[in-house]
Amino acid sequence: MSARGGLEHRDLPRTLDAVHPPHRLLRAVRPVARWVLSRRYDIRLHGLEHVPQHGAALIASNHVGLLDGPLMAAFTPRPVHALTKKEMFDGHTGPFLRAVGQIPLSRREVDVSAVKDCVRVLRDGGVVGIYPEGTRGDGELRVFHRGVAYLALVTGAPVVPLVMFGTRERGGGVDSVPAQGARFDFVYGPPVYLGQHSWPRTQVEVRRTAADLRNRLVAHLVDAMALTGCPLPGPIPGVDPDDLDLRAPRTKD
């Protein structure tokens, strides 16, 4: 809980009725997941010191492979409530994803419920993970939707850039998984502090902030490639990269 004792949930957008997803099971399974994944893959972590130890934070990552979400949840120093496409909550994976505190997101429309749940987590001092590209692809951040900018402006949470390498091999399909022993590099960058912007927040302000964040994340991507020597995998064969992601609500709040 923040220093305001929960009063921030009365600010716009109001989050008194929003849900802070559960995190007890997430905390419990993270060490097990790290152990299992580290036995299968050569996982190298860089810049963990850039993730704030306390308080709200947004982890903004490129998105290249099927394993990105589980890997972010397992290896980020703090438990992460990641925005996850709502289709993943259908079938047998749904109960588990809900139990470990992931947030379902409709990518085809402005998902007000997902927005409010993210704001709730951040106002409570938690960590939200988001993929600004909106879908798996080449990971080069050519597409950059505005959700991360909106959340940062509403809450004042710092944005921590994350670049993931190796989670999809070049030429691999949308659901491909690298072979055992593959090398994964995760590079966290210095947090970007935008400060909280009170209501009203205009669409122009959100777009300008998103453009600035994209430039910073692309610069971090270039630095991460130089640091690790790792390439990105290129486009996913047969997949249209023009997909939708979390967008700022088209209001001034």
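Start at Leu141, in the loop between strand 5 (127-130) and helix 5 (147-155). Helices (H or I, at least four residues) and strands (E, at least two) are DSSP runs, numbered from the N terminus. This is a predicted model: local features need pLDDT of at least 70, side-chain atom pairs count only at pLDDT 80 or more, and totals for chains, interfaces and linings use all residues. Residues are numbered from 1 along each chain as its sequence is written, and side-chain values use heavy atoms, without hydrogens and water.

Stay on Leu141. Its phi is positive, about 60 degrees, although Leu141 is not a glycine. Most residues other than glycine have a negative phi. Leu141 counts as buried because its relative accessibility is 2%; buried means under 20% relative accessible area, exposed over 50%, partly exposed in between (1.4 Å probe, protein chains only).

Next, select Leu58, Val148, Leu151 and Val159. They have the most contacts inside the largest nonpolar core, which has 30 residues. Such a core is a set of buried Ala, Val, Leu, Ile, Met, Phe, Trp, Tyr and Cys residues joined through side-chain atoms within 4.5 Å. Elements supplying at least two residues each include strand 2 (57-61), helix 4 (112-123) and helix 6 (203-228). Helix 5 gives the most, seven residues. Now pick Ala57, Ala74, Tyr131 and Leu162: they are among the 22 residues of a second, separate core.

Move to the cysteines. Cys118 is buried at 0% relative accessibility, and Cys230 is buried at 12%. The structure holds zero disulfides (cysteine sulfur pairs within 2.5 Å).

Finish with Tyr41, Phe75, Phe184 and Phe186, a cluster linked by ring pairs.

Technical notes:
Phe/Tyr/Trp six-rings, centres within 6.5 Å; stacked < 30°, edge-to-face > 60°.
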